[in-house]
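Subject: A structure for you to look through

Hello,

Please open it first and then follow along.

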Amino acid sequence: MKIGLLGHGVVGSGVRKIIDDNHIPGVEIKRILVHTEKEIIDKSLMTTNVDVILQDPEIDIVVECMGGIEPARSYALRAMQSGKNFVTSNKKMLASSFSELLKCAKKNHVTIGYEASCGGGIPWMANLERIRRIEEIQAFRGILNGTTNYILSRMYQEKQAFDAMLKDAQKLGYAERDPSDDIDGLDVRYKVALSCAKAFGRMIDVEQIPTFGIRNIQKGDLEYGREIGCVIKLVGKANLDGMAVVMPVFVKQEDIFASIPLNYNAIECASASLGLATFIGQGAGSLPTAHAVVQDVLDVVNGVATLQDCHLATVNNTSVEGKYYVRTTQREAFEGYIEQEAKCGFLTKKMCIEKLCDLVRKSKDEAIFVAEVMK
């Protein structure tokens, strides 16, 4: 089958390298869309005109590695309306438009491959699909962002400040110039929504997922974790009952997540007969992510790609309760809900996540730091 590749950046160039280096039978990149004329290094292969790809009847699969919501979303719809299968690594675009894209795919009898949208090179989506062939998945949780895990790991191990570790992550290419999606938890939120679609057959509105990031974390917060035998990790989780949350968690030292180093990801799901299954690996990077993209391409080529049914659902966090570490200058907003003083903040009484969100909004403290304290 012939491929039209949209984007030749970090992931797109990785896709090309894997296909070219491994001489994968039945797969040929026919055209590559690049952003500017300066990027054209092979005139027979590269173009700045997307119509050259979308209107080519010989191209069977469009692979999108551009990033961003637009024009990626419009290109995805046009590709599928032309009868082309669609593969993407773009979690932001996919999570924000999943229902529309799924409807278009079904109408035009094509598939959407999105293994690379969550977990990088970890075969997370594929394994969720395999588990669901036998039984329901009850819940999942994950360290789903390599940038924040790198920052938190180095802060804990070297007792360094957040800003210094963020700069290091940017120098190494783990963090973007604008790291907001990573450090504010939005990247994890997209991945939780897409994992819910695959794990539970339910697509949720990303805006409904309570999301707390690590932008405001300080060394004292990690030192408190050290005192109670915990490591802070940014975790996204959801369950079959409709719970979905993204927030830092004080993870106990004996928990498998505590030992996940640097830019690695770890994702765990629970089902009745399999129990807990944990997947660990490179969560980002050119070749690991491209590897997942090419796996989706091969599923189409080999005729095993499937299009999962998925219905819209509402997040329901009413039954989710926990105790939370809070550091804020606006303690009065939490009056009546403080159970215990901590090193730099306090621990709340047991409460539902919705109540916590209400109190955080009430505080109006832009520098607040919140983390769940693992039982």
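One term before we start: two strands pair if DSSP finds at least two bridges between them. Please also keep in mind that this is a predicted model.

**The nine-stranded sheet**

With that definition in hand, look for an open sheet of 9 strands, in the order β12-β11-β7-β9-β10-β19-β15-β17-β16, with mixed pairing. Which strands stand at its edges? They are β12 (275-282) and β16, and each has a single partner strand, so one side of each is left without a neighbour in the sheet. On average, and ignoring direction, neighbouring strands here are turned by 30° against each other.

Helix α10 (residues 219-227) packs on this sheet. The strands that α10 touches are β9 (230-239), β10 (244-252), β15 (324-327), β17 and β19 (369-373), and the direction of α10 makes about 90° with that of β9. Another helix, α12 (residues 353-363), lies across β10, β15 and β19 and runs at about 95° to β10.

At the β16 end you can find a hairpin: β16 and β17 form it with 4 residues between them. Strand β16 (residues 338-341) pairs with strand β17 (residues 346-348) in the antiparallel sense, over 3 bridges. To see how they line up, find Ile338, which stands opposite Thr348 in β17.

Ile61 stands opposite Asn85 in β5.

**How the helices meet**

Helix α11 also packs with α1, at an angle of about 65° and with the axes 8 Å apart. The crossing of α1 past α11 is right-handed. Among the residues that meet there are Val10, Val11 and Ile18 in α1, and Leu287, Ala290 and Val293 in α11. By class, this contact has 9 nonpolar, 5 polar and 1 charged residues.

The passing of α4 by α9 is a left-handed crossing. On the α4 side the contact is made by Lys91, Lys92, Leu94, Ala95 and Phe98, and on the α9 side by Asp187, Tyr190, Lys191, Leu194 and Ala197. Sorted by class, the contact of α4 with α9 has 6 nonpolar, no polar and 4 charged residues.

Now turn to helix α5 (residues 124-132), which packs with α9 at an angle of about 25°, with their axes 8 Å apart. Are α5 and α9 roughly parallel or oblique to each other? The answer is roughly parallel, because angles under 35 degrees count as such. Their contact includes Trp124, Met125 and Leu128 of α5, together with Leu194, Ala197 and Phe200 of α9. The classes in this contact are 7 nonpolar, 1 polar and 3 charged residues.

**A few single residues**

A search of the whole structure finds 26 salt bridges. In one of them, the side chains of Lys2 and Glu58 meet at 3.2 Å, N to O. This pair links distant parts of the chain, 56 residues apart: Lys2 is in strand β1, and Glu58 is in the loop between α2 (51-54) and β4.

In general, most residues other than glycine have a negative phi, and most peptide bonds are trans. Two places to look at with that in mind:

- His23 has a positive phi of about 45° although it is not a glycine, and it lies in the loop between α1 (10-22) and β2 (28-33).
- Glu70 and Pro71 are joined by a cis peptide bond with omega about 10°, and Pro71 is found in the loop between β4 and α3 (72-81).

Happy exploring!

Technical notes
Residues numbered from 1 in each chain as written. Predicted model: local features only at pLDDT ≥ 70, side-chain atom pairs only at ≥ 80, totals over all residues. Heavy atoms only, no water. Helix = DSSP H or I, 4+ residues; strand = E, 2+ residues; numbered from the N terminus. Left-handed = near helix turned anticlockwise from the far one by under 90°. Contact = heavy atoms within 4.5 Å. Nonpolar A, V, L, I, M, F, W, Y, C, P; charged D, E, K, R; others polar. Salt bridge = Lys/Arg side-chain N within 4 Å of Asp/Glu carboxyl O. Axes fitted to C-alpha atoms, helices over the stretch in contact; angles between N-to-C directions. Parallel < 35°, antiparallel > 145°, perpendicular 65-115°, else oblique.
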